[in-house]
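User: I am new to this structure and would like to know what stands behind the terms used for it. Please set each value against its definition.

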Amino acid sequence: MYERFASHYIYYNGKIYPLHYIEVDDSGCIKGVYPLMEEIAGTVFCNGFIIVVPKSISEEKLRTSWSVLQNVYSYTDLGKILIKEKFFLLASPAEQIILYQLKHSSSEFSTCNSCSNGDIQRFGSFSIQRIVRNK
């Protein structure tokens, strides 16, 4: 069984995918990234960016990577920095992953925060939340 997460942008292995969804299997591995052409039942939509992070990454490296985003104020600039810095590249497609949602802090007050666990970190104009998957 797969879980699907869609977003305005997905950052996965050095590329930005606009209006795509990602499928994650029960073991926490990516099965694919696909264009979002229509609504798909059971797909969770997350505002802003979904960033795919290898589960093996250390907490310290994760914090260091997030701190680079302190002075970023637009999704365009965010995408450029993620690609330039080559953040969070996976060693193989079978590697287990964690999904994070990045969105403008002002959008945090929207009515739908369904895919986050409420653990919000703020960096510049963005908030970062780990996406909780059903297991």
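This is a predicted model: local features need pLDDT of at least 70, side-chain atom pairs count only at pLDDT 80 or more; totals for chains, interfaces and linings use all residues.

User: What joins β2 to β3?

Analyst: Five bridges join β2 to strand β3 (residues 30-35), and the two run antiparallel. V24 has I30 in β3 as its bridge partner. This is also a hairpin, with four residues between the strands; G28 in the turn has a positive phi of about 90°.

User: What is called a helix or a strand here, and how many of each are there?

Analyst: Both are DSSP runs numbered from the N terminus: helices are H or I with at least four residues, strands are E with at least two. By that rule the protein chain has two helices and seven strands, in the order β-β-β-β-α-α-β-β-β.

User: Why is E95 called buried?

Analyst: Buried means under 20% relative accessible area, exposed over 50%, and partly exposed in between (1.4 Å probe, protein chains only). E95 has 16% relative accessibility, so it counts as buried. E95 is in the loop between α2 (75-85) and β5.

User: Which residues does E95 touch, and what makes its link to S56 a polar contact?

Analyst: Contact means heavy atoms within 4.5 Å. Not counting residues up to four places away in sequence, E95 touches G28, C29, P54, S56 and L90. The C-alpha atoms of E95 and C29 are separated by 5.9 Å, although the two residues are 66 apart along the chain. A polar contact is a pair of N or O atoms within 3.5 Å; within protein, one must be able to donate a hydrogen and the other to accept it, and residues adjacent in sequence count only if both atoms are side-chain atoms. The side chains of E95 and S56 make such a contact at 2.9 Å.

User: How do you know that the buried residues of α2 lie on the same side?

Analyst: L78, G79 and L82 are buried in α2. They cover an arc of only 100° around the axis, which puts them on the same side of α2. The arc is that of the directions from the helix axis to the C-beta atoms. The face turned away from the buried side carries the exposed residues T76, K80 and K84.

User: What do the buried residues of α2 pack against?

Analyst: They pack against β1, β2, β4, β5 and β7.

User: What makes β5 mostly covered, and which strands is β5 joined to?

Analyst: Seven of the eight residues of strand β5 (residues 97-104) are buried. Six bridges join strand β4 (residues 43-54) to β5 in an antiparallel run, with L102 in β5 as the bridge partner of F49. Five bridges join β5 to strand β7 (residues 126-131), also antiparallel.

Conventions. Residues are numbered from 1 along each chain as its sequence is written. Side-chain values use heavy atoms; hydrogens and water are left out. Two strands pair if DSSP finds at least two bridges between them.
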